[in-house]
Amino acid sequence: MQAEKKCEIIIKALDSKKGLDIKLIKVSEITALTEYFVIATGTSSTQVKALAEEAEFQLSQAGVEPHHIEGKSTGWILLDYGDVVVHVLNEQSRSFYDLEHLWADGEQLDITGIIGE
């Protein structure tokens with residue numbers, strides 16, 4: 001499955017569970033680690049877990065399994081799909097780590113067409 005389609009599935013899953021401040025950053029031009037980062041905030045540890053689980057479930061339904069998962073019991077869950085890495089953070093972790101600033105050289109993409117569908 002193409003990375004862009006994975007991103008679309010992830011973003012819709014995060015939006016369906018009321019994820020906040022969802023961002024899609026294309027980082028393929030600045031790192032060999034991955035092509036895209038999807039970042040979202042949950043308002044509680046329960047919601048952070050629910051957001052990550054929904055993204056994982058929706059991709060699994062499409063036949064895509066994560067290479068690796070980190071932080072299932074923390075305020076920052078990372079789902080690694082190779083060409084797409086999903087970061088689901090609580091508000092405090094999102095503010096502290098400020099991934100958008102850290103990866104500011106990446107291209108932040110407009111997702112209103114994905115969420116608006």
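**Exercise 1. Aromatic pairs**

How many aromatic pairs does a search of the whole structure find? Then work out which geometry the pair Trp76 and Tyr97 has.

*Solution.* Let's start with the count: searching the whole structure gives three aromatic pairs. Please keep in mind that this is a predicted model.

Step 1. The ring centres of Trp76 and Tyr97 are 4.7 Å apart, and the ring planes make an angle of 50°. Planes under 30 degrees apart would count as stacked and over 60 as edge-to-face, so this pair is tilted.

Step 2. Now place the two residues. Trp76 belongs to strand S4 (residues 76–80), while Tyr97 belongs to helix H3 (residues 91–97), so their pairing ties together parts that are 21 residues apart in sequence.

Step 3. Tyr97 also pairs with Phe96. Here the centres are 4.9 Å apart and the planes stand at 90°, an edge-to-face arrangement.

Step 4. Put together, ring pairs join Trp76, Phe96 and Tyr97 in a cluster.

**Exercise 2. Two helices**

Describe how helix H1 and helix H2 are arranged, and which residues meet.

*Solution.* Two packed helices are described by the angle between their axes and the distance between the axes.

Step 1. H1 covers residues 3–16 and H2 covers residues 45–61; their axes come within 8 Å and cross at roughly 140°.

Step 2. Roughly antiparallel would need an angle over 145 degrees, and H1 and H2 are therefore oblique to each other. The crossing of H1 past H2 is right-handed.

Step 3. From H1, the residues in contact are Lys6, Ile9, Ile10, Ala13, Leu14 and Ser16; from H2, they are Leu51, Glu54, Ala55, Gln58 and Leu59. By class, this contact has seven nonpolar, two polar and two charged residues.

**Exercise 3. A closer look at Leu14**

Is Leu14 buried or exposed, and which residues does Leu14 touch beyond four places away in sequence?

*Solution.* 

Step 1. Leu14 lies in H1. The relative accessible area of Leu14 is 0%, so Leu14 is buried.

Step 2. Leaving out residues up to four places away in sequence, Leu14 touches Gly19, Ile22, Val38, Ala40, Leu51, Ala55 and Val88. Leu51 and Ala55 are among the H2 residues named in Exercise 3.

Notes. Residues numbered from 1 in each chain as written. Predicted model: local features only at pLDDT ≥ 70, side-chain atom pairs only at ≥ 80, totals over all residues. Heavy atoms only, no water. Axes fitted to C-alpha atoms, helices over the stretch in contact; angles between N-to-C directions. Helix = DSSP H or I, 4+ residues; strand = E, 2+ residues; numbered from the N terminus. Parallel < 35°, antiparallel > 145°, perpendicular 65-115°, else oblique. Left-handed = near helix turned anticlockwise from the far one by under 90°. Contact = heavy atoms within 4.5 Å. Nonpolar A, V, L, I, M, F, W, Y, C, P; charged D, E, K, R; others polar. Phe/Tyr/Trp six-rings, centres within 6.5 Å; stacked < 30°, edge-to-face > 60°. Buried < 20%, exposed > 50% of the residue type's maximum accessible area, 1.4 Å probe, protein only.
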